Amino acid sequence: KYYGSNIYKRIILREGRHYLRKSIEITPEDNNLMITNYNKELVELSAATPLNCKWETVQNNWVTLEGVDGIWGKPTGPGQNSTDGTVIYLGQADSFDACKTMVAAVYQDMGFGSFTYEDSTSGAWKNVCYGIKGTQYAANKQSGSTTGVLVNIYKCQVTANVDDILGLRVNGTRAIRARYPNGNPEVYPCGFCSSNKAKSWVAPTCTPEPTMEYNPAEPLRDDTTSGFFQKYQLGVGGCCDGFTPNAGYWCGNHTQGGGAFTYRIPSGLTYDSSILPNAPYANPEGAVIQSWRPGHWSSWMFAVDASKYDAKTSTIIFSKGGFQGAR
């Protein structure tokens with residue numbers, strides 16, 4: 001189509017998922033190029049590699065979590081469904097097994113991935129049986145509560161030319177790595193958040209103090225709220241030696257703002273059974289620890305050093321990480 005002196009070119013894609021064999025390079029020579037779908041059809045461009053393999057069932061059963069209240073914070077009262085429709089009241093049951101039988105009769109039709117039973121010690125909630133849709137359940141510790149989780153494990157022999165799997169999608173939906181507690185990062189407002197806290201943090205192996213600081217008197221901005229961020233400051237070195245360049249605002253000793261401090265990271269953590277009930281781990285190779293501030297506005301992720309994992313002292317040492325987050 002002609003618009004003045006310009007020639008507009010279009011590539012029109014039909015409905016479906018189009019896999020890219022290599023990156024698309026768009027240069028100035030491609031000015032006025034439009035890549036679009038045809039007539040409102042759903043079109044996806046994917047850089048992924050399809051796994052055309054035969055999946056086999058490894059495990060398909062209910063796992064019991066004692067002392068876990070999977071419906072915590074959802075129903076506003078006993079016998080009621082949650083307002084978002086994910087937690088469904090199934091009725092009264094005399095035991096956890098009786099509740100499990102009720103769930104087994106309907107879980108496929110209802111889409112239940114877990115269920116919770118509150119026993120006779122649970123006050124107004126005693127003997128209630130709830131089904132929970134999907135794969136996400138609350139991990140709240142609560143005596144008298146027992147949660148059953150449907151565990152589905154499949155395997156296949158990958159024949160495609162794949163060196164490393166950084167992510168996996170099943171029928172277009174993001175697959176979540178095995179984790180505790182269960183969570184979905186695509187669920188608002190905080191799919192990966194939990195109430196778990198480390199028993200303690202292992203001290204940093206780096207020295208937080210910067211080797212140099214720059215704090216010039218000018219420029220000066222003296223009209224900021226609460227006197228914050230009025231002067232330029234730059235720290236060099238310290239724990240920031242892990243960055244390139246090894247300098248920044250948060251590398252210095254004069255940071256400001258809520259909870260501000262000179263950048264430093266723990267080298268590991270210790271835990272107990274209330275935090276990681278499935279520990280100790282036979283082989284934590286490839287494990288990742290995710291942590292965040294109480295307000296959930298900043299998070300850190302750490303790779304676990306499997307060679308330094310100490311099951312006897314319940315100590316996990318990090319190999320790298322702590323460079324994400326808001327700072």
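**Close-up views of aromatic pairs and backbone features**

Tyrosine 309 is buried, with a relative accessible area of 15% (buried means under 20%, exposed over 50% and partly exposed in between, using a 1.4 Å probe and protein chains only). The model is predicted: local features require pLDDT of at least 70 and side-chain atom pairs pLDDT 80 or more, whereas totals for chains, interfaces and linings use all residues. Residues are numbered from 1 along each chain as its sequence is written, and side-chain values use heavy atoms, without hydrogens and water.

**View A. Aromatic pair of tryptophan 62 and tyrosine 107**. The structure holds 12 aromatic pairs (Phe, Tyr and six-membered Trp rings with centres within 6.5 Å; planes under 30 degrees apart are stacked, over 60 edge-to-face, the rest tilted). The rings of tryptophan 62 and tyrosine 107 are edge-to-face, at 5.5 Å centre to centre and 80° between the planes. Because tryptophan 62 lies in strand S7 and tyrosine 107 in helix H2, the pair ties together parts 45 residues apart in sequence (DSSP runs numbered from the N terminus: helices, H or I, at least four residues; strands, E, at least two). Both residues are buried.

**View B. Tilted pair of tyrosine 281 and tyrosine 309**. The ring centres are 6.4 Å apart and the planes stand at 50°, so the pair is tilted. Tyrosine 281 occupies the loop between S18 and S19, and tyrosine 309 that between S20 and S21. Tyrosine 281 is partly exposed at 31%.

**View C. Cis peptide bond between glutamate 218 and proline 219**. Omega is about 5°. Proline 219 lies in the loop between strands S15 and S16.

**View D. Positive phi at serine 226**. Phi is near 60° in this residue other than glycine. Serine 226 sits in the loop between S15 and S16 and is exposed, at 63% relative accessible area.
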